[in-house]
Amino acid sequence: MQFFFEVLIGGLLSGMMYSLVALGFVLIYKASGVFNFAQGAMVYFAALSFVGIMEKGAPFWLAIILTLALMVLFGVLTERIVLRKLVNQPPITLFMATIGLSFFVEGLAPFLWGNDIRELKLGIQDEPIPYLIDNYGLAVSKFDLAAALICGGLVAVLALFFQKTKIGRALRAVADDHQAALSIGIPLQHIWVIVWAVAGFVALVAGLLWGARNGVQFALVSVVLKALPVLILGGFTSVPGAIVGGLIIGASEKLAEVYIGPMVGGGIEGWFPYVLALLFLLVRPEGLFGEKHIDRV
């Protein structure tokens, strides 16, 4: 039972990091109603920019500020150059635009900072917490716990932002109907700038955490693929859904690898979340917290 809880806790903590990546998708989807294919490239670009700025001699705090400013600038330019031209276009048009944006950013990042794998240290050791080892025999990583707390705090703040602030309500109105939002005076372009800037900040935090764990490399782009089953379970428009979906995926993939993997030859952690998401789609396509669409005859 002790080993079970150890695996479960490790999975839940990893799930919070998946939730943070999924949150970037939720932010853009809420504002534009389109799946942002470029989110993975943004995570990679943010992490690589941070490391590149530090290599130029900037201290940690200054690198954070400069990278955040760079990601906000990225959001503003994305709205001005890409999205503003596509207002009221079909969602598929916006989706294709984010695909093009993704390939552009994936090429821009190594062009500016190089494509060598970099080590990223945040001052948090990836080692077991002595108190839990001594008193409960649980090997829970300091880094996993710290990352989960950071992700949980950020998700909670953004959830309150969407539910309680005027900008958050305007953002939900824009997501529901662009034309209706414009007709009541909501500045569509301003809302998109804000949400892309916030998504850039989320990408920075996700890039730092995943970069510290796996190294800053192009593989960070593929980390966002784990956000897909999280979004399917939680719902594409729900911030709380990103949390719950991340916890479910994180815990289920670890438990499946440990207890089911040996029965089928192992290596199921990579694909088990997608099977789980596919089965869930058959029961509740809109997700646990997504809005259920009712067809009108």
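This is a predicted model: local features need pLDDT of at least 70, side-chain atom pairs count only at pLDDT 80 or more; totals for chains, interfaces and linings use all residues.
Local features are reported at pLDDT of at least 70 and side-chain atom pairs only at pLDDT 80 or more, while totals for chains, interfaces and linings use all residues. Residues are numbered from 1 along each chain as its sequence is written, and side-chain values use heavy atoms, with hydrogens and water left out.

Let me begin with helix α11, residues 227-234, where helices are DSSP runs of H or I with at least four residues, numbered from the N terminus. Seven of its eight residues are buried, so α11 is largely enclosed by the rest of the structure; buried means under 20% relative accessible area, exposed over 50%, and partly exposed in between, with a 1.4 Å probe and protein chains only. Among the buried ones are Val230, Leu231, Ile232 and Leu233, and the helix is followed by glycine 235, which has a positive phi near 110°.

Now to the salt bridges, each a side-chain nitrogen of Lys or Arg within 4 Å of a carboxyl oxygen of Asp or Glu, of which there are five. Lysine 226 and glutamate 253 form one of them, at 2.9 Å from N to O; lysine 226 lies in the loop between α10 (220-223) and α11, and glutamate 253 in helix α12 (residues 239-259), so the pair ties together parts 27 residues apart in sequence. Both lysine 226 and glutamate 253 are buried.

Another salt bridge joins aspartate 144 to arginine 213, with the closest N and O atoms 2.0 Å apart; this pair links helix α6 to helix α9 (residues 188-214), across 69 residues. Aspartate 144 is buried at 13% relative accessibility, whereas arginine 213 is partly exposed at 29%.

How values were computed
Helices (H or I, at least four residues) and strands (E, at least two) are DSSP runs, numbered from the N terminus.
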